[in-house]
Amino acid sequence: MAYRGASKLTFAPAWANMNEEERQAEQVAAMEIVAKYGGEQEGQWILWSDQVLLTITKYPDQASAIKSQMAIVARGAFELQGQAALTIEEMIEYQAEING
């Protein structure tokens with residue numbers, strides 16, 4: 001079953017010490033990691049008041065999403081806060097199942 005994740009990205013302290021080329025390399029590496037674990041980005045938004053980049057990504061399963069996030073964070077340039085993202089339709093379907 002596919003898993004849709006929402007990730008809030010902020011910059012780790014190491015980001016401030018990187019030059020433009022290193023920053024670009026980290027962004028490319030993050031996208032490659034997402035692809036490696038079967039992720040497909042559905043969209044990205046800046047949450048201006050929170051100072052974060054919100055990304056919605058669909059993965060084959062939850063384990064793939066977690067591995068992807070762990071691999072990106074381990075590189076040291078980004079900090080991520082992830083959680084499941086449900087469509088309204090999915091939430092209505094789940095609620096209907098609960099209610100029987």
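Is Glu40 buried or exposed? Glu40 is exposed, with a relative accessible area of 58%; here buried means under 20% relative accessible area, exposed over 50% and partly exposed in between, using a 1.4 Å probe and protein chains only. A quick word before the views: this is a predicted model, where local features need pLDDT of at least 70 and side-chain atom pairs count only at pLDDT 80 or more, while totals for chains, interfaces and linings use all residues. Residues are numbered from 1 along each chain as its sequence is written, and side-chain values use heavy atoms, with hydrogens and water left out.

**View 1. The whole protein, from strand to helix.** The protein has 3 helices and 4 strands, and along the sequence they run β-α-β-β-α-β-α. Helices (H or I, at least four residues) and strands (E, at least two) are DSSP runs, numbered from the N terminus. The C-alpha trace spans about 55 × 30 × 20 Å along its principal axes. Of the 100 residues, 30% count as buried.

**View 2. Glu40 and the residues it touches.** Glu40 sits in strand S2. Leaving out residues up to four places away in sequence, Glu40 touches Val34, Ile56, Thr57 and Lys58; a contact means heavy atoms within 4.5 Å. Ser68 is 28 residues from Glu40 in sequence, and the two are 12 Å apart in space, C-alpha to C-alpha. Across the protein, among contacts between residues at least 6 apart in sequence, 66% join residues at least 24 apart.

**View 3. Gln51 in its loop.** Look between S2 and S3 and you'll find Gln51 in the loop. Gln51 isn't a glycine, yet it has a positive phi of about 60°. Gln51 is also exposed, with a relative accessible area of 58%.

**View 4. The largest pocket and its lining.** About 500 Å³ of space lies in this pocket. Of the 24 residues that line it, the closest to its centre are Leu9, Gln44, Leu53, Thr55 and Leu80. Two or more lining residues come from each of strand S1 (3-11), helix H1 (20-36), strand S2 (40-47), strand S3 (52-59), helix H2 (62-74) and strand S4 (78-84). On a 1 Å grid over the protein atoms alone, a pocket is an open set of points where a 1.4 Å probe fits, with protein on both sides within 12 Å along at least five of seven lines; lining residues have an atom within 4 Å of a point. Grid points are joined across faces, edges and corners, and the volume is the space filled by probe spheres set on the points.
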